[in-house]
Amino acid sequence: MSSNPKPVVLHIGDAVKHNPEIYERFASEFTVIRPSAEERQREPFLQALRDRKWGDFDAVFRPFWNTGGEMGRWDKELIPLLPKSMKIYASAGAGYDWADVDIMAEHGILYCNGAQASSEAVADMAIFHILSVFRNLTWSHLAARSGDPAQWTEAHKYATMTSHNPRGQTLGIVGLGNIGLTIARKAHAGFGMRIAYHDLVRKPDAAVADLQPAFYERLADLLAAADCVVLATPYAGGRALIDRERLARFKPGARFVNIARGALVDEDALVESLQSGHLFAAGLDVFQNEPHVHPALRAMRNVTLTCHNAGGAIETNYGFERLAMENIEALLLRGKALTPVNAHLMKGSS
């Protein structure tokens, strides 16, 4: 029998629901500590870390995106209080705007997200929004639900006049990671769209040979070339990526879809662009001030709105939960995590 104690995992948020067999294995491999809901509030959580209430734990496990975040932002106040033994934070969810992953890296903590598990669902929602902005579906939807024959007749007669098939249109994707690549493949194979993209790193040609995408090193050049722009890039804080200046760079009459993060977009500037007609339509799953939606956007029949549900398929929840456990197992038991976000920021990384 080994004398080495099991690694300790701090489990924040709800209990595992979807993968009991994996959790049974996980709980046999690690000592799992689960703070109460009261202990997860910001000040009690910080104090517990100062008091070393949970000792020298090795990992934090957050299996659900909608619980376990009661302590708020993981930032320069919180992260230095973590024990030096901590090696990995494995979380559900694709975004990580609530966590300063660069500061985690400075403290030797690898952050792993669940984007891989949500790619299918988010890409499907992106396709819905792409179809909607090309085919004027919100106008038709609202008119049909209005119960007003005049509205129904207007949409029936005139929505088609500015409606287009996606085939042959250029889809410009900002961020060709797991989610962006899945969107590209669905749009290209399913609807015959041409693919263009902007990213910090160009994909090897062999990895995207099926798409034959156009790569734009400068974001402004992609915006000018695309018939529809989709945001599929993380938000790391700072200024909005799509602001008044960049909206002016869009091709006149282009469409815009955001399934990434609301903070990436200056919504006042977006409203101005839509009202002026420079942008023809927008599809938004995320918002700058969630759960509040800009009132002008709510009033526009050329804007499709959903409630940050892009990743919200039950299969995503299963995948988030499983992947968070498997990331911790992969790093602590085998030395290499599956979906690291900040590995390139860690000391000693090449």
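Predicted model: local features only at pLDDT ≥ 70, side-chain atom pairs only at ≥ 80, totals over all residues.
Student: How do the residues lining the second largest cavity divide into nonpolar, polar and charged?

Tutor: The lining divides into 5 nonpolar, 3 polar and 1 charged. The lining residues are Asn 258, Gly 262, Val 265, Glu 267, Leu 270, Leu 284, Val 286, Phe 287 and Gln 288. Glu counts as charged, so Glu 267 of this lining is the charged one. Gly goes with the polar residues under the definition used here, so Gly 262 joins Asn 258 and Gln 288 in that class.

Student: What makes that space a cavity?

Tutor: A 1.4 Å probe fits in a cavity but cannot get out.

Student: What is the volume of the largest cavity, and which elements give two or more residues to its lining?

Tutor: The largest cavity has a volume of about 40 Å³. Its lining is made of Ser 132, Val 133, Asn 136, Leu 137, Thr 138, Ala 281, Ala 282, Arg 301, Asn 302, Val 303 and Thr 304. Two or more of those residues come from each of α4 (115–135), α5 (137–146), β11 (279–284) and β12 (303–305). By class, the lining splits into 5 nonpolar, 5 polar and 1 charged.

Student: Why does Ser 132 count as buried?

Tutor: Ser 132 has a relative accessibility of 3%, and buried means under 20%, so Ser 132 qualifies. The residue lies in helix α4. Leaving aside neighbours within four places in sequence, Ser 132 is in contact with Leu 137, Thr 138 and Thr 304.

Student: And why is Asn 19 called buried?

Tutor: Run the test again: Asn 19 has a relative accessible area of 8%, and the cut-off for buried is under 20%, so the label holds. Asn 19 is found in the loop between β1 and α1 (20–29). Apart from neighbours within four places in sequence, Asn 19 is in contact with Tyr 318, Glu 321, Arg 322 and Met 325.

Student: Why is Pro 44 called partly exposed?

Tutor: Its relative accessible area is 39%. Buried is under 20% and exposed is over 50%, with partly exposed in between, so Pro 44 falls in that middle class. Pro 44 has its place in helix α2. Once neighbours within four places in sequence are set aside, Pro 44 is in contact with Glu 38 and Glu 39. Pro 44 and Leu 333 are 289 residues apart in sequence and 31 Å apart in space, C-alpha to C-alpha.

Student: How do you know that the buried residues of α2 are on the same side?

Tutor: First, the buried residues of α2 (residues 42–50) are Arg 42, Phe 45, Leu 46, Ala 48 and Leu 49. They cover an arc of only 160° around the axis, which puts them on the same side of α2. An α-helix has 3.6 residues a turn, so residues three or four places apart point the same way. The buried residues of α2 pack against β1 (8–11). After the helix comes Arg 52, whose phi is positive, near 55°.

Student: What makes a set of residues a nonpolar core?

Tutor: The members must be buried, belong to a list of nonpolar types, and be joined through side-chain atoms within 4.5 Å. The largest nonpolar core has 29 residues, and those with the most contacts inside it are Leu 231, Phe 250, Phe 256, Leu 270, Leu 274 and Leu 279. Elements giving two or more residues to this core are α8 (219–225), β9 (228–231), β10 (254–258), α10 (267–276), β11 and α11 (295–298). The largest share, 4 residues, comes from α10. A second, separate core of 28 residues includes Ile 127, Ile 173, Ile 179 and Leu 181.

Student: What is Phe 250 in contact with, leaving aside its neighbours within four places in sequence?

Tutor: Its partners are Leu 223, Val 229, Ile 242, Arg 255, Phe 256, His 278 and Leu 279.

Student: Which element gives the most to the lining of the second largest pocket?

Tutor: That is α5, with 4 residues. The second largest pocket has a volume of about 180 Å³, and its lining divides into 6 nonpolar, 5 polar and 1 charged.

Notes
Residues numbered from 1 in each chain as written. Heavy atoms only, no water. 1 Å grid on protein atoms, 1.4 Å probe; cavity = no way out; pocket = protein on both sides within 12 Å on 5 of 7 lines; lining within 4 Å. Points joined across faces, edges and corners; volume = space filled by probe spheres on them. Buried < 20%, exposed > 50% of the residue type's maximum accessible area, 1.4 Å probe, protein only. Contact = heavy atoms within 4.5 Å. Arc of directions from axis to C-beta.
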